[in-house]
There are 2 protein chains.
Amino acid sequence: MAYELYYWDGIQGRGEFVRLTLEESQTDYIDVARQTGRGMGTGAMLELMRSKDEPQIPFAPPFLRDGDMIISHVANILFYLGAKHGLLPESERLRHVANGLQLTITDLVAEVHDTHHPISTSLYYEDQKDAAKARAGAFVRDRIPRFLGYFEQVLQQNPRGPRHAVGDAISYVDLSLFQVIEGLRYAFPKAMGSVVGDYPALMALHGEVAKRPNIKAYLNSKRRLPFSEDGIFRQYPELDLVP
Amino acid sequence: MAYELYYWDGIQGRGEFVRLTLEESQTDYIDVARQTGRGMGTGAMLELMRSKDEPQIPFAPPFLRDGDMIISHVANILFYLGAKHGLLPESERLRHVANGLQLTITDLVAEVHDTHHPISTSLYYEDQKDAAKARAGAFVRDRIPRFLGYFEQVLQQNPRGPRHAVGDAISYVDLSLFQVIEGLRYAFPKAMGSVVGDYPALMALHGEVAKRPNIKAYLNSKRRLPFSEDGIFRQYPELDLVP
């Protein structure tokens with residue numbers, strides 16, 4: 001039976017980290033909110049989230065249904081899928097390293113979100129623009145170098161070589177790092193343009209992931225939506241700067 | 001060999017979620033940054049974080065060392081410890097439910113942090129007070145009910161009864177929910193005072209955890225530091241309000 005991925009229609013968002021792993025592993029999945037028909041669409045997703053008897057109720061999308069399991073949160077979903085589909089090392093030690101790296105990516109993504117919504121997700125961006133400028137400035141100056149410097153170091157210090165974040169093979173962490181670089185380049189083109197040279201291993205990894213046949217096919221398909229100002233990585237020129 | 005817990009000295013912070021699990025399971029551990037002597041203290045923690053050859057380098061505390069493993073991020077550490085020490089259900093399905101719940105707690109804790117640091121962790125609270133007031137207001141009005149309402153529903157919809165978040169026995173998720181309630185009551189006494197009646201199962205769980213012998217002994221020990229305005233849950237009266 002195909003996996004059912006539940007995520008907001010119309011954006012890449014956090015769902016995209018799951019899609020990349022599903023696409024790389026060529027696993028059948030239904031992107032529920034993007035489908036129409038019985039049990040499909042955003043309505044079906046909201047119905048499940050509002051269920052008054054579901055024992056595995058998720059707090060927010062994305063979540064994945066596999067038979068009678070409902071798995072929520074990107075890092076949790078990837079840990080589950082990675083183990084089943086060869087995108088996570090076999091060793092227990094490296095599995096926890098991978099999960100730790102993915103949780104650092106989770107934190108980075110939350111911080112990216114908060115550059116345009118520093119006060120409240122209930123307010124429009126336009127109503128928190130001053131705070132957004134202050135937060136985005138701090139993010140570009142302090143946090144991009146801190147996070148990307150860290151991931152560069154992880155690659156450089158990998159005893160199996162700098163081509164992968166964990167072990168000597170592709171994992172969902174590599175796919176997620178690809179997406180982070182894609183997103184940061186979209187949202188902060190000036191800031192990223194001035195620093196990419198500082199992260200050679202990370203940029204090489206990004207290039208290698210983009211060339212993988214399954215990823216390449218996905219990126220060229222209609223399933224890959226463009227970045228937009230409804231997603232997490234948003235291009236607001238007033239939030240971008242050369243650090 | 002005892003586990004080594006690495007976390008900032010002087011505060012409960014994120015390390016406290018790990019301590020509660022270690023204390024409940026009566027597992028030997030060394031709180032490295034709080035000790036003195038060779039290989040101990042904050043210096044030892046920073047040295048490991050700045051290592052130029054460590055292949056499992058952590059992004060930030062807390063992290064746990066178990067022999068040759070270094071495990072970072074609270075949810076990752078708890079998943080590891082919970083499986084080893086009977087604080088996580090046996091079934092794969094429920095393990096992923098527990099991990100998903102813990103990741104929702106992770107998000108809540110990050111939002112609590114951002115009520116006093118909405119712009120940047122590099123700035124003092126006093127230098128981002130206006131934004132903090134706006135963010136804390138939205139947190140109290142929108143997010144506390146959203147998160148606590150969710151956890152109340154999780155308890156109420158647990159097919160094994162509302163005494164536990166997952167299955168029919170104590171797990172690290174229950175311990176973490178206890179800490180969340182403790183922290184929110186400390187940081188937002190007015191806001192919490194007006195809504196506790198809305199979350200009977202959550203409050204009952206909080207009371208039951210506090211009475212567990214190992215937890216009670218820990219809370220009465222010197223190992224349990226008080227909440228303070230250096231931690232994540234901070235009591236700034238100007239950020240508290242009756243919603």
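Analyst: Helix axes are lines fitted to C-alpha atoms over the stretch in contact, and the angles between N-to-C directions run from 0 to 180 degrees. The model discussed here is a predicted one.

User: How are α3(B) and α4(B) oriented to each other, roughly parallel, roughly antiparallel, roughly perpendicular or oblique?

Analyst: The axes of α3 (residues 74-84) and α4 (residues 92-116) of chain B come within 9 Å and cross at roughly 150°. Angles over 145 degrees count as roughly antiparallel. The orientation of α3(B) and α4(B) is therefore roughly antiparallel.

User: Which residues of α4(B) meet α3(B), and how many residues of this contact are charged?

Analyst: From α3(B), the residues taking part are V74(B), A75(B), L78(B) and F79(B), and they meet N99(B), Q102(B), L103(B) and T106(B) in α4(B). By class, the residues of this contact divide into five nonpolar and three polar, while the number of charged ones is no charged.

User: Which kind of axis relates chain A to chain B?

Analyst: Chain A can be laid on chain B with an RMSD of 0.0 Å by a turn of 180°, with a shift of 0.0 Å along the axis. That is the relation of a two-fold axis.

User: Which residue of chain A has the C-alpha nearest the axis?

Analyst: In chain A, the nearest C-alpha lies 3.0 Å from the axis. The residue that carries this C-alpha is P118(A).

User: Which element gives the largest share of the side of chain A that touches chain B?

Analyst: In the contact between the chains, 38 residues of chain A face 38 residues of chain B, and 100% of the interface residues of chain A are also interface residues in chain B, so the copies meet through the same surface. On the side of chain A, β4 (69-72), α3, α4 (92-116) and α5 (129-156) each give two or more residues, and the side as a whole has 19 nonpolar, 13 polar and six charged residues. The largest share, nine residues, comes from α4(A).

User: Within chain A, which element gives the most to the side of domain 1 that touches domain 2?

Analyst: Chain A is divided into domain 1 (3-84) and domain 2 (92-239), and their C-alpha centres lie 21 Å apart. In the contact between them, 17 residues of domain 1 meet 20 residues of domain 2. Both α1 (15-24) and α3 (74-84) of chain A supply at least two residues of the domain 1 side. The element that gives the most, with six residues, is α1(A).

Note on methods
Residues numbered from 1 in each chain as written. Chains lettered and ligands numbered in written order. Predicted model: local features only at pLDDT ≥ 70, side-chain atom pairs only at ≥ 80, totals over all residues. Least-squares fit on C-alpha atoms with pLDDT ≥ 70 in both. Contact = placed C-beta atoms within 7 Å. Domains from an automatic or database assignment. Helix = DSSP H or I, 4+ residues; strand = E, 2+ residues; numbered from the N terminus. Parallel < 35°, antiparallel > 145°, perpendicular 65-115°, else oblique. Nonpolar A, V, L, I, M, F, W, Y, C, P; charged D, E, K, R; others polar.
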